[in-house]
Amino acid sequence: MSADPAVAANEPATATASASASVQALRTTVPVPGAWAAWGIGVAVYVLAVVHRTSLGVAGLDAAARFGIGASALSTFSILQVLVYAGMQIPVGLLVDRLGPRRVLSTGLLLLTAGQLGFAFSTAFTPALVSRAVLGCGDAMTFVSVLRLGSRWFPPRRNPFIAQLTGLVGTLGNLVSTLLLSQVLHSAGWTPTFATTALLGLAVLALVLLFLRDTPESARRAPLFRSPVVASPDGLTEAAPAVAAVRLPLREQIAAAWREPGTRLGLWVHFTTAFPASAFLLLWGMPFLMSGQGLSRAMAGSLLSLVIVSGIGFALLFGQLVSRRPGVRTPLVFTVVLGTGALWGVVLGWPGDHIPMGLLVLLTVVMGSNGPASLVGLDYARPVNPPERIGTASGIVNMGGFIAAVLALFGIGLVLDLLTPGGGDGYTPHAFRMAFCMLYLPMVLGLTQILRLRPQAARREAELRAERFEAERLRA
């Protein structure tokens, strides 16, 4: 008896579909081969970006002396850099969704290198400011790209842990700034220090170009400026699409991500949790500890490092908690925000000019929770956005903490200038205490928005979970 031609023709397609389904099922439980290598290359770019981003935090007093500027102008460096970073998040998310993380990371590395080199050789305020803006553009292209790599190489249930691990490893950049860069700056000088860190970008760029792939299916060493060519089933060649075939127009894609309450809630979670530590590490922590508390550069650097080291522990803890029990997200966020606010209240209200070292240590340890808690915002956006919109949604969420950091940096600098006679850099303990009260304005605004959006986001997430369950039941 001859075989049915229709059945015979369908057998290869059925086998292919079964194999594809098997691979997909496997990927939902374990990382595919090469996942850790791809993530490691991406996170190396992110670590370098964090070094560049936080380098001014240990050079604030040196920058004020080099460029002859006061607190408000010094704040402008970090404010502009962070504003550029925040403003670039949605465009970067769209670029990552359309072009893939490899291209975006390569562009980011070129901008980081150019910006840091410009900053190294600047001797006046204006060119230095432009250099920090260029650096901010490059910095903006790193984190969302690494998140996209994680979502394509690792199973979905591992994504919260991978996001926390990315933030955790990124803190190594902070450690390099606070422990190594501050000492090298003191011994080698401004230009050699910043020029050397800039040139590290070329070595990392080589890793990206030679070894990084966007997805497990991507070709090795794919060209950056044209679509890779692959073999088609009929033996001919065709351009492989870099992303999904169906694309929404840019405005519709942004609007669709924004309409999800989980995306907006994630933004406000990021806004409310991240900025106290960001403002402290990016600029005002070192001056507060040295000028306001009379600590040595080495001791102040050790306290800044403690923020980072404690953040490593919090990242591991939060990543495991949220991966296993998503219901802890909101209690965790409120604990971090209220705990940070309460401890800053104790510090700012302490009688006398000098705060006990034990209290400063406790403050820095608690602020270590701010960065890991901000990444919980991504875990509100991820379940309600499809894979082709993850980059855009992540970019929206990632804006939040940096917008709040801009408000805090500007407010602290403004109050310091108002309370410092003559506009010099001889800031008093009283001036610092009044200036750091500005932290409470973004904190109150963010908490209000979280309380408003949380019920909407919970309902929407429950609806989508029920829809997915029903779809899986029907398929079974």
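Before looking for holes I wrote down the term: on a 1 Å grid over the protein atoms alone, a cavity is a set of points where a 1.4 Å probe fits but cannot get out, and its lining residues have an atom within 4 Å of a point. A volume is the space filled by probe spheres set on the points, with grid points joined across faces, edges and corners.

I noted that this is a predicted model, in which local features need pLDDT of at least 70, side-chain atom pairs count only at pLDDT 80 or more, and totals for chains, interfaces and linings use all residues. Residues are numbered from 1 along each chain as its sequence is written, and side-chain values use heavy atoms, with hydrogens and water left out.

**Entry: the chain**

I looked up the secondary structure and found 19 helices and two strands in the protein chain. Helices (H or I, at least four residues) and strands (E, at least two) are DSSP runs, numbered from the N terminus. Of the 476 residues in the protein chain, 54% are buried (under 20% relative accessible area, with exposed over 50% and partly exposed in between; 1.4 Å probe, protein chains only).

**Entry: cavities**

I searched the whole structure and got four cavities of 30 Å³ or more. Two or more lining residues come from each of α2 (35-54), α8 (159-188), α11 (261-292), α12 (297-324), α15 (370-374) and α17 (390-419). I sorted this lining into 16 nonpolar, 14 polar and one charged; Ala, Val, Leu, Ile, Met, Phe, Trp, Tyr, Cys and Pro count as nonpolar, Asp, Glu, Lys and Arg as charged, and the others, Gly among them, as polar.

The second largest cavity has a volume of about 90 Å³. Among the residues that line it are V146, N159, R382 and S394. Here α7 (143-153), α8 and α17 each give two or more residues. The lining divides into five nonpolar, five polar and one charged.

**Entry: helix α10**

Which residues of helix α10 (residues 250-259) are buried? I listed Q253, A256 and A257. They lie on the same side of α10 because they cover an arc of only 95° around the axis, taken from the directions from the helix axis to the C-beta atoms. R251 and R259, on the other side of α10, are exposed. The cover over the buried residues of α10 includes α4 (71-99), α11 and α17, where contact means heavy atoms within 4.5 Å.

Key. On a 1 Å grid over the protein atoms alone, a cavity is a set of points where a 1.4 Å probe fits but cannot get out, and a pocket is an open set with protein on both sides within 12 Å along at least five of seven lines; lining residues have an atom within 4 Å of a point.
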